[in-house]
Amino acid sequence: MLKTRLNLSFFTVLFAASAVSAAVPASTKNIPTAPDLSGFAAADMPYDKGEAVLVSWPAGPADVPGAVYQVYASSGAAWLKAEEFPAEKKFAADFELPFWAWSHDKAKHAVQLELPQLFSDFKTGMEYSFKVKYVNGKVTAESAPVKAAPKADLFNLARLNNLVLLLVIIVVFFWTVSHAKRKGLFIRRIAGLDAIDEAIGRATEMGRPIFYSTGIGAMSSVPTIASTSILAEVAKKVAQYDTQLKVPHFDPIVMTVCKEVVKQAYMEMERLDSYRDDINFFVSQDQFSYAASVDGMIHREKPAACFFIGHFMAESLLLAEVGATTGAIQIAGTEQESQLPFFFTSCDYTLIGEELYAAGAYLSKEPMLQSTLKVQDFGKAFVMVSVITGSALVMLATWLKWPLVLKVISHIFKAY
Amino acid sequence: MTFIKKHIPLALCFIFGVLTLGSYYVPNKASENYLEVMNKWENIVAGFAFLLGLFSLFFSHYNKIRRKVDGWGYSLFVFVGFLIMVIPAITSKGIQMDGATLTGLGWNYRFLFNALSGTMFSVLAFYIVSTAYRAFRIKSPQAGVLFAAAFILIVGKVPLGQIMWEKTLGWTHVGISQIVQWLMEVPVVAGRRGIMMGLAIGGIVTGLKIIFGIERQYMGKD
Amino acid sequence: MKTYIEKLLKIDRRLIFLALTLLLVFPIIRPLGLPNVNLGTEVISLYNKIESLPPRTFILISLDYDPATRPELHPQAVAILRHAMRKDLRVGMLTLNAGATGLIEELGERIPRDIAPGKVYGKDYVILPYQPNPVAVLTQLGMDLHQMYDKDRNGAPIKDMEVFKGIKSVRDMGLGICITGTALLDYWIAYTGDKFKFPMAGGVTAVSQAGYGPYLQTGQLKGLVGGMKGAADYETLIGVKEKGTSGIDALSLAHLMVVTLIVLANLMMLWLKYL
Amino acid sequence: MSETWMIFGGWVAAGLTLFLFSFLYKDNPFFKATEHLYLGAGMGWVFQTVLYQTWIPKVWEPLRAGDFYVLIPTVLGLSLVTQFFPRISWVSRYGFTFIMGYGSGLVIPLTLSTDFLKQIGGTISPFLVSEVSRATFWPLLNGAIVAAGFVCVLVYFFFSVEHKGAIKKASTVGIYFLMLYFGAAFGNTVMGRFSLLYGRFDDLYKYSGAKYFYATHVILAALVLYFVISHFTSRKKEAEEEAA
């Protein structure tokens, strides 16, 4: 509504301006002329909280170096100088607003005035007067005063791209949640899971134990949840092959959950007779003491395989190093980017970030984990498509000189 | 009772969530006032949130002392440390500098807290070196690429490395710091951005789950 | 030979620790004095950004680091502060990290002593108190900062301080710099930088430096000082050599040690495998 | 604070630093005590900061001035503590739901703009060149590498299709980009950790001066003495264990 109004006033202004410029003879080029400021307009600044007014007027041949515009505002009494700038600056085209909310006009001066900075008794909705003055040496011109009242807007149209994307994500989210609950979703098998089988196989051959650490995360964190799902898988294999499993713990609550998980796994494999309650044991709730104790155990017992899967911080270094020197097969997985390089260089297989979540969701078939993963996949697909088509279109538009396409693409992928 | 215990909190979460979410798209003064009040409140609520950490630390160490578990004596030091910080703070009213001289609290920060907090993480430098020697194995082409990038960074960032590069590979006219710069501006941006995307959407989904009351882990058990 | 190498590979790590200690202590006692050349471009862009600000522009420095990352970040803060004061900018300092207050106090002590002796507290710079909950503070800074901060860190009201003349929110400021060892810079970018179109720059630890590449490329960050190397670069740019420069010099030996150890160990592994 | 206090401070700082470093030799009572002291002191520091910079100016003073609105967030904040009393722990939900609802509402649109839209835009923007010339060729190439690498990394983390054929190839390229990132992160981490260690050594060096009566030297010697004595008094097995 507002936009159309602006457009309309702009067109009338444009016609007026072209008529004026046509009337001026070409020979007067070097003599400074006063611009026609009859197209001066003031209106509420769109998409703001109601404290700004937008004044605009057509640009013209009088906008030469050395000339300045002065914008004045008044609340009824004296005129206050609100802005002064060189005449070849500040156009409607300079506004950082998207094409769907603003017409980027190179032939129109536009200035946004923040009124509370000018009037200490400012009130939204009150009417103020505005005028513009042109000064170039002795040549001056002044527009007639125009009234406008700033008003508060209800929707920031510039942020439409953000909102649309959010709504799409919400729809996809609910769709995946309902699907995951009803029939499950497809998640590909993660290569790292094959490495787990191999490691357990080797431990059985060698007759040495397996260490599994769930890290130092609390039970509520996603990596820990994923880790318990993987522990269940490991425990099943261990029960099947009758290998020895040791799970040192940092958090007592995680330990309680893991006891259940392991017991369940032994039950499923019908090997409850070989389940012992001390498979899971508490070590210390202190980062470095935990690492030092587990280090000592690994060094003494020389396990065939070590798993470090979950949330790890600095202790990742201490743990992975000892495992590597004792010659164990090591499989790690964490979401902590800063720890991944250490795991990657000292372990045989590392689940990187989201791979860990995916492995957890793949094994547990938990609808909530699956649906999150699916929405993430959707987002990634959206990004991939956007980047590929966006780049291709931008290049094509550059070659073929389609400014409109360039504008559309660069405006969509921007935050306002 | 479940209404008060469960439904109202969930409804509050939904209302606060949607209102705050909406305030991003609504530029109105009312939405700004709402957000201002929320910011002030949130600031105060967060001032109490750290009590959770304080209480859980105190409870766990108090229990250790009470049950006389192995090494309970060390737990006493937790309380000693706490009091060492808090008592001078109260006597100096939370001010660290009195004119140009340190107060008891300022002294505590400079000599006690500084040393303790600074050393805890510097210990890791030692482990990095021993890991580098005993566990850093270039077993695959991937690990090789990782090492190559690390090598360039480690050598290229210090003057001695730059000098040695100039001496040995100066004839190529490619400075190591140029390679470092390129690495940080091109492949690292691509790799990091890929990880960032997953995290971003994961964060949004978690946020939605919380607002819609699907994710309730933080509320504890019924 | 093989058993010898195997033993060498499993050497007691405490010997390596000892070697590192000696290697790091040596340059502290006897500095090498190596020149710091090849300055990082993102450090230069922050320097240029501050250079380009007109005098008396207000800049906000958020000092969100504690003693755990002090050796890397404190020299950055000192160098940036020195530069801003020299350019006659107005500086507001605040923190969202409870552990930082003592370090800020140290800065407050140093400004009149050696960073910028001519500057007056309350007129040229101000130190605001710690606030919990970064998210709320960052959102509020974009709207009306006086609602969140009404007093300075010693309890004096700030509303009428000369340094805050004409400053109501980040929209009135020229630049924001967040120096942190945590993820707070990400918050600054999202909650204040992007939302209120506030130009942001950062000072971060070397550990997290690589993670900020994407934000630099998009221009969401106007500059970045990373780790001790960044601090040394900044010190070189402003021509005042301090802890950053002396540190980077000492790091040279340790860095070479790491690289040598990795290469050596892997060569020995290859020997064991193929010979 | 007098000069004596400063010297004493030097001894305290040097002592605590060396006690924490002693863990490198092996776990010992000095380390454990200091580590626990750190936990308590850290908490104490936060406590006094919040007390003097939040509770007093933001809650107590407004209340005394008659602003009772601050009671609402105060009650919400205090409700969090009921978590430790199982019978009334549900009260804490009011505080948590407030924090979580507000936080989620704030973060969602900002993540969309900062980490999502802007990053896509940033990947596309290098292609916005008016013509391909010698000057624009390299930025264009780098932009293309970033875009290709970015998409490949996303393919690697895409779990909805099997990794076969072209997808497998793209994901392999993706993993190499990740490795370059991790390698750079590793290199930076090495530098960061050494900087911190340098900082501690620098302090220890300062306290080893005559001004502080050789604090570092004396404490270090005492620690070594302790380890020598404990080595001979305790059984040998223990020492082997810790050598890991």
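**A helix and its sheet in chain A**

Mentor: The model is predicted: local features need pLDDT of at least 70 and side-chain atom pairs pLDDT 80 or more, whereas totals for chains, interfaces and linings use all residues. Residues are numbered from 1 along each chain as its sequence is written, and chains are lettered from A and ligands numbered from 1 in the order in which they are written. Helices (H or I, at least four residues) and strands (E, at least two) are DSSP runs, numbered from the N terminus.

The partner of β11(A) is found in β10 (residues 245-249) of chain A, with which β11(A) pairs in the parallel sense over three bridges; pairing requires at least two DSSP bridges. In one of these positions A:His249 has A:Phe282 in β11(A) as its bridge partner.

Another element of chain A is helix α9 (residues 354-364). Ten of its eleven residues are buried, so the helix is largely enclosed by the rest of the structure; buried means 20 or more other C-beta atoms, placed from the backbone, within 10 Å of the residue's own. Among the buried residues of α9(A) are A:Glu354, A:Glu355, A:Tyr357 and A:Leu363. Just after α9(A), A:Lys365 takes a positive phi of about 60 degrees.

The wider packing can be described through nonpolar cores, that is, buried Ala, Val, Leu, Ile, Met, Phe, Trp, Tyr and Cys residues joined through C-beta atoms within 7 Å. The largest core has 299 residues, and A:Ala235, A:Ala305, A:Ala320, B:Val129, C:Ile59 and D:Ala184 touch the most other members. Beyond its neighbours within four places in sequence, A:Ala320 is in contact with residues including A:Phe308, A:Phe342, A:Cys347 and B:Ala135, where contact means C-beta atoms, placed from the backbone, within 7 Å. Another core, of 25 residues, lies apart from it and includes A:Leu37 and A:Tyr134.

Towards chain C, 50 residues of chain B are in contact with 54 residues of chain C. On that side of chain B, α4(B) gives the most, with 15 residues, and the classes are 25 nonpolar, 14 polar and eleven charged residues. Here Ala, Val, Leu, Ile, Met, Phe, Trp, Tyr, Cys and Pro count as nonpolar, Asp, Glu, Lys and Arg as charged, and the others, Gly among them, as polar. Towards chain D, 99 residues of chain B are in contact with 97 residues of chain D. The elements that supply at least two residues each to this side include α1 (2-23), α3 (72-91) and β2 (101-102) of chain B, and α4(B) gives the most, with 19 residues. This side of chain B divides into 71 nonpolar, 22 polar and six charged residues.

Key
Buried ≥ 20, exposed ≤ 12 C-beta atoms within 10 Å, placed from the backbone. Contact = placed C-beta atoms within 7 Å.
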